[in-house]
Structure formats: C-alpha cells, structure tokens
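Hi everyone, thanks for coming.

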Amino acid sequence: MRRIRLIPALLVFLLSACNQQLIETQLPEGEVTISLIADERVEIVSAKSGTELPDVGDFWVELYNSEMVKFKKEKYSDIAGKTLSMNAGTFTLVASHGEPLGVGFDKPYYKAETIFTVEPQKKGTVEATAKLANVKVAVNYGDQIKADYNDYYTVVKHAVHKKTALTFEDNETRAGYIPGGDLIVTVYAEVDGVLKCFTLKDNSGQTALINCQPNDFITFNVNTGINYGDLI
C-alpha cells in the first residue's frame, strides 16, 4: 500500500518540475515595424537604362535569427505598417527584388540587408534601403566605328559565370544588368566580309578583367582609332 501512495506524489513532483522548466525558458518579446525603401541611384551614373524602379511593395522580406536560420518570408506589401511581435534578440533582415544571377536589359536586382535588435517589451523600427545589387552596364559606340564598320556588336561576359553575358548590338542604347565580379569585353566586327573579334587587353597583353562591384554603373566606350583603324 505504501508504494501505491507514493506514485501520485511522484507524478505531482514531475509535473511541477516540467511547469517550472517551461516558465524559465520562455523568452521575453518585443515589437518591431519594418520600414523599407528602394534607391535607384548607383555609384557611377552617366545614363538612364529606361528600367523603372520596382514597386517597394513587391519586395520579398526575409527574417533570420542570430544563427542565420530563416523563420519568416513575406511580401513587403503584406507587412508594411504592421507591428510584428518577436522574441528578444538579434536578427537579420534581407529584402530583395529580382534574380541574384539575372542577366539582361530588364534584370535589375535590388537588395537590402541589415542587422537589428529586438529589446524585451519595447517597440522599435527596422529601417532598410534596398540598392542595386548587380552591375549596370552600357556601351557607347563612337562616330568612327560607325563610319568604319557596317556590322559590329559588343559582348560583356562574366569571367566566372561563362554563360552569363550581355550583347550590345550596334544600335543598342539601353543599359543592361549583370552580376558583380570580373567582366570581359569583346567587340565583334565584320572586316572584309569576315567577322572578327577584338578582346580588351591589359598592359601585359592578357585579357583584361574589369572588376565591377554591386551598385556600379560602367560604360564601355567603343571606337576605332582614326590613324590606325584598330578597335579601342
């Protein structure tokens, strides 16, 4: 009979210990509001691409914990102005629009990334500005190449992603977009009925690698030398 009486007491003790553990591990919460804007300005601005800045409401917003584990993904239009309740701690916000490895005349990629802290029982605002996260590229053809050649175009290729390239025809006036990194520039022109290629070289005669960082805008001026007839 003594053993039967001890069992309920043991169960009460275990339940009490379990409840106490839940109370101790419960994390305090705070509140945040996310404020996101998109900035179309780039580091070197010399032309307009004609591509409109995307609606900030169409950006995807992702939230990561301190170990960079994603726990939330929403369209900004669905959370703009709303108060989010979160555990106290340090977090990372990533907002983006477009494709990170997208290439083309309509492929701008915008991104914002910021670290923020949620304090217990306090309200805060997380502000982030999304900027161009790939490279904006344009080609400007000079008057001499237009006079010397009937058929020509320029290919701007990524040195690492070999299949990633922009092609600028002789009448192309738009800017295109390509991931950041080392770029290779090659001009193709018809010479005496034969299509030849001329790759930009460095001072040592090797293929030049033009390093471009996200949010750069670079314009390649392509022309021929009047005295030499070479593509420069």
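So, which residues gather in a patch of negative charge on the surface? They're Asp151, Glu169, Asp170, Glu190 and Asp192. Before I go on, a word on where this comes from: it's a predicted model, where local features need pLDDT of at least 70, side-chain atom pairs count only at pLDDT 80 or more, and totals for chains, interfaces and linings use all residues. Residues are numbered from 1 along each chain as its sequence is written, and side-chain values use heavy atoms, with hydrogens and water left out.

Back to the patch. Its members must have over 30% relative accessible area and no salt bridge, and like charges are joined within 9 Å. A salt bridge here is a side-chain nitrogen of Lys or Arg within 4 Å of a carboxyl oxygen of Asp or Glu.

Let's pick out two of those residues. Glu169 lies in strand S10, residues 165-169; strands are DSSP runs of E with at least two residues, helices are runs of H or I with at least four, and both are numbered from the N terminus. Glu169 counts as partly exposed because its relative accessibility is 39%. For those labels, buried is under 20% relative accessible area, exposed is over 50%, and partly exposed is in between, with a 1.4 Å probe and protein chains only.

Asp192 is the other one, and you'll find Asp192 in the loop between strand S12 (181-191) and strand S13 (194-199). At 79% relative accessibility, Asp192 counts as exposed. Its phi is near 55°, a positive value in a residue other than glycine.

Asn215 isn't a glycine either, and its phi is positive too, about 80°. This one sits in the loop between strand S14 (210-212) and strand S15 (217-222). Is Asn215 buried or exposed? Buried, because its relative accessible area is 7%.

Now the strands. S5 (residues 89-97) runs antiparallel to S2 (residues 60-64), with 5 bridges joining them; strands pair if DSSP finds at least two bridges between them. Val61 has Ala95 in S5 as its bridge partner. S5 is also joined to strand S6 (residues 110-118), again antiparallel, by 9 bridges. There, Val94 stands opposite Glu113 in S6.

One last stop: Asp148, in helix H3, residues 143-148. Asp148 counts as partly exposed, because its relative accessibility is 38%. Along the chain, Asp148 and Asn223 are 75 residues apart, yet their C-alpha atoms are separated by 9.5 Å.

Key
Patches are made of residues with over 30% relative accessible area and no salt bridge: like charges are joined within 9 Å, nonpolar side chains (Val, Leu, Ile, Met, Phe, Trp, Tyr) within 5 Å. Accessible areas come from the Shrake-Rupley method with a 1.4 Å probe; for residues, only the protein chains shown count as cover. Lys and Arg count as positive and Asp and Glu as negative; His and the chain ends are not counted. The place of a charge is taken as NZ of Lys, CZ of Arg, CG of Asp or CD of Glu.
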